[in-house]
Amino acid sequence: MRATRKRLCSALLAGYVLFSLYAAYSVFLRPRRPPASRGGPRQLRLGRERSSLGNEEWNPWEGDEKNEQIVSQQRYETNIQMLKNMKSQQEQTDLKVQIWGKAAIGLYLWQHILEGLLEPADVTAQWREGSIKGGKTHFSFITGPAVVPGYFSVEADNVVLVLNGREETKITYATQWLHYAQTLIQTRKLRHVAIVLLGSEQCNNEWIQPYLKRHGGFVELLYVVYDCTWVNEEDIFQWPLGVATYRNFPIVEPSWSMLRSPRSYLCNFLGTVYKNSSRENLMEVLKQDGLDKLCWIAAREQWQPQETNESFRIYQDALLQSDLTLCPVGVNTECYRIYEACSYGSVPVVEDVMTPGKCGNSSIYHSAPLQLLKTMGAPFIFIKNWEELPAVLEKEKNMSLQEKIQRRKKLIEWYRHFKAQMRHKFINILENSFLPNAKGG
């Protein structure tokens, strides 16, 4: 009985092994035949169509995806075109102006008003240049002895020419530049010209009138230094004299000590005392009651166009160490000293007197002299006679340091605002005058 069971188990095990081997053969080793067609001719055609597509799978959303890709591509191309159009419109509305600095006041315009930089930094370089953008205007600036008519690249349709018209020799040189600019206008190499002019201290500027557009010339805008009676705020504007850039007066950044430290002197005057001038009266007043001992005074009899390094350092120290800077009239009421004192927070004491000549009130301003500064609210001390100075200095003695600190801050902030306002005005006038014409061709 036991043997019969053993044989039965062995037979079952052998059958299981044979079945397993056959199954493995069928799955892994036996060649496969294609299934017989059951769908007739239609199924055969469908099979051919599928075989013609290769091994690609059918995607029920394929059409939607392709449409989305087309829409995305069109949207991308539209955005690119819009950006190109915006850039093109920006280039059309922007103004390009090249400034030719052929007088030292050009450096005041570029570095102090427009806050542009120059390369190289060496002030003795034959050629210096820079570029900035203000408002819608791209400015480039060139200056130096190597900037000669016909020997440099004119890089804009619009030019601001900075000239010196103080004396005959300067006027002759300025006229050569005007003739050069006129030739460029006639040959259509320039469209618009503006002039920044260091005018005559007596306002004898008639020589430039034939070049002004209002008199049949080509100069559309004139910015002129000193209280010229022609100023109308339409095409003729008053421009500040500024600091003595021809003596390399620097851009002064206010420091903590400049604003807050006590100063050693009530006032200062370092300058030329001309014969029979109010400056002689000033010297006499200072000698009364020992006032000259309270102020830094260094008078000389002859004007010196250039300072030595030592004399320039002494002058800057005097401004920095004095609460007030005395500004007597010279050939004109406006002088570099006014702006240089503002740079150091030393309040200008200005002799508010008209000097001989043709300067005076214009149709717009009626507060000459110094109508530009007065209109801008200059926080100066204005006096009509130096006999008023002792009372001014007596008041200074009684001021606290805190009061003086607040006054310095007010002066320096005013001067910063003044330059920003002049920058804004200068750019706006150019854009309003040049851009509409440029658009119209």
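Which residues do ring pairs link into a cluster? The cluster holds Tyr108, Tyr339, Phe380, Phe382, Trp414, Tyr415 and Phe418. Rings of Phe, Tyr and Trp (its six-membered ring) pair if their centres lie within 6.5 Å; planes under 30 degrees apart count as stacked, over 60 as edge-to-face and the rest as tilted.

This is a predicted model, in which local features need pLDDT of at least 70 and side-chain atom pairs count only at pLDDT 80 or more, while totals for chains, interfaces and linings use all residues. Residues are numbered from 1 along each chain as its sequence is written, and side-chain values use heavy atoms, with hydrogens and water left out.

**Aromatic pairs**

The structure holds 24 aromatic pairs. In one of them, the rings of Trp110 and Phe141 are stacked, because their centres are 5.0 Å apart and their planes are at 15 degrees. This pair links distant parts of the chain: Trp110 belongs to helix H4 (residues 105-113) and Phe141 to strand S3 (residues 137-143), 31 residues apart. Helices (H or I, at least four residues) and strands (E, at least two) are DSSP runs, numbered from the N terminus. Trp177 and Tyr180 form an edge-to-face pair, with 6.0 Å from centre to centre and 85 degrees between the planes. These two residues are 3 apart in helix H5 (residues 168-186), so about one helical turn separates them.

The table gives relative accessible areas; buried means under 20%, exposed over 50% and partly exposed in between (1.4 Å probe, protein chains only).

| Residue | Relative accessible area | Class |
|---|---|---|
| Trp110 | 0% | buried |
| Phe141 | 1% | buried |
| Trp177 | 1% | buried |
| Tyr180 | 16% | buried |
| Arg188 | 76% | exposed |
| Asn276 | 75% | exposed |

**Backbone features in loops**

Arg188, in the loop between H5 and strand S5 (192-198), has a positive phi near 60 degrees. Asn276, in the loop between strand S8 (265-272) and helix H7 (278-287), also has a positive phi, near 60 degrees. A cis peptide bond joins Glu119 and Pro120, with omega about -5 degrees. The bond from Ala368 to Pro369 is cis, with omega near 5 degrees, and Pro369 lies in the loop between strand S11 (347-351) and helix H10 (371-375).

**Around Asp227**

Asp227 is in the loop between strand S6 (219-225) and strand S7 (236-239). Its side chain reaches the backbone nitrogen of Leu370 at 2.9 Å. Residues that Asp227 touches (heavy atoms within 4.5 Å) include Ala368, Pro369 and Leu370.

Conventions:
Polar contact = N/O pair within 3.5 Å; in protein donor to acceptor, adjacent residues only side chain to side chain. Lists of a residue's contacts leave out its neighbours within four places in sequence.
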